[in-house]
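Trainee: Could you walk me through this structure, please? I would like to start with the overall picture and then look at some individual residues.

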Amino acid sequence: MDTKTILNEASLRMQKAIDHLEEELLNVRAGKASPNVLNGVMVDYFGSQVPVSGAASVTVPDAKTILIQPWDKNMLRPIEQIRLSIPPLTEERRKDLVKQVRGEAETARISLRNARRDAVEAFKKAQKEGMPEDESKDGETQSQKLLEKFTKLLDEAIAKKEKEIMTV
């Protein structure tokens with residue numbers, strides 16, 4: 001493999017780790033209404049089980065309200081049963097959520113480091129197969145820079161979510 005291929009694979013893996021983290025962070029309720037709390041709620045839509053968002057418009061008009069507007073008037077009956085109360089978070093619950101977010105962040109950090117490690121190993125293998133040593137070392141350095149870049153993105157995402165959680 002060449003340097004570009006190895007670095008592209010590492011970059012893709014790191015981006016997937018960040019994307020996964022951001023997806024997980026969307027599921028952490030930060031004390032305000034979010035349409036993501038309905039991700040697992042299914043309704044019967046013409047004989048098929050579909051997510052609420054597949055049968056209705058789900059919006060958040062304010063921090064304590066989720067508005068569900070069915071696209072078809074036949075869906076009023078199944079959807080009218082959904083009642084959501086978004087209570088404010090206690091300080092203790094906020095701290096628990098921050099711990100949960102930090103746990104997700106650590107999992108993402110491990111994925112980032114694993115991608116860098118695999119890239120470094122690929123450069124060492126490529127060197128044994130004929131890649132010049134200086135090109136291999138440059139690739140390892142670039143792998144480290146990729147790790148630093150994606151770690152910074154991770155830290156920014158976590159800081160933003162922690163601030164969101166701790167804001168009363």
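Predicted model: local features only at pLDDT ≥ 70, side-chain atom pairs only at ≥ 80, totals over all residues.

Trainee: Okay, how many helices and strands does the chain have?

Mentor: The secondary structure comes to four helices and four strands, and if you read along the sequence they follow the pattern α-β-β-β-β-α-α-α.

Trainee: And is the chain spread out or compact?

Mentor: The chain is more spread out than a compact globule, because its radius of gyration is 22 Å, well over the 15 Å that the globule rule gives for 168 residues. Taken along the principal axes, the C-alpha atoms fill a box of roughly 70 × 40 × 20 Å.

Trainee: What percentage of the residues count as buried?

Mentor: Of the 168 residues, 32% count as buried.

Trainee: Let's turn to salt bridges. How many are there in the whole structure?

Mentor: A search of the whole structure finds seven salt bridges, and one of them joins the side chains of R13 and D118, with 2.5 Å from N to O. That pair links distant parts of the chain, since R13 sits in helix α1 (residues 3-26) while D118 sits in helix α3, 105 residues apart.

Trainee: Are those two buried or partly exposed?

Mentor: R13 is partly exposed at a relative accessible area of 37%, and D118 also counts as partly exposed, with a relative accessibility of 26%.

Trainee: Which residue does E121 form a salt bridge with?

Mentor: E121 pairs with R117, and their closest N and O atoms are 3.8 Å apart. Both residues lie in helix α3, four residues apart, which is about one turn of the helix. As for accessibility, E121 is partly exposed at 47%, and R117 is partly exposed at 40%.

Trainee: What about E164 and K161, where do they lie?

Mentor: E164 and K161 both lie in helix α4, three residues apart, about one turn of the helix. Their side chains meet in a salt bridge with an N to O distance of 3.4 Å. The two partners fall into separate classes, though: E164 counts as partly exposed at 28% relative accessibility, whereas K161 is buried at 8%.

Trainee: Why does K161 count as buried?

Mentor: K161 counts as buried because its relative accessible area is 8%, and buried means under 20%.

Trainee: Going back to the salt bridges, which residues are joined into one network?

Mentor: Salt bridges that share partners join R13, R117, D118 and E121 into one network.

Trainee: New topic: which residues gather in the patch of negative charge on the surface?

Mentor: That patch is made up of D2, E133, D134, E135 and D138. Taking one of these residues as an example, E135 lies in helix α4, which covers residues 133-166, and E135 is partly exposed, having a relative accessible area of 32%.

Trainee: Last one, where does P87 lie?

Mentor: P87 lies in the loop between α2 (76-79) and α3 (91-128), and with a relative accessibility of 42% it counts as partly exposed. If you look for K64 in the model, you will find that P87 and K64 are 23 residues apart in sequence and 7.7 Å apart in space, taken from C-alpha to C-alpha.

Methods: Residues numbered from 1 in each chain as written. Heavy atoms only, no water. Patch = residues over 30% accessible without salt bridge, like charges linked within 9 Å, V, L, I, M, F, W, Y side chains within 5 Å. Areas by Shrake-Rupley, 256 points an atom, 1.4 Å probe, with all protein chains shown as cover. Salt bridge = Lys/Arg side-chain N within 4 Å of Asp/Glu carboxyl O. Lys, Arg positive; Asp, Glu negative; His and termini not counted. Charge placed at Lys NZ, Arg CZ, Asp CG, Glu CD. Helix = DSSP H or I, 4+ residues; strand = E, 2+ residues; numbered from the N terminus. Buried < 20%, exposed > 50% of the residue type's maximum accessible area, 1.4 Å probe, protein only. Rg over C-alpha atoms; globule rule 2.2 N^0.38 Å.
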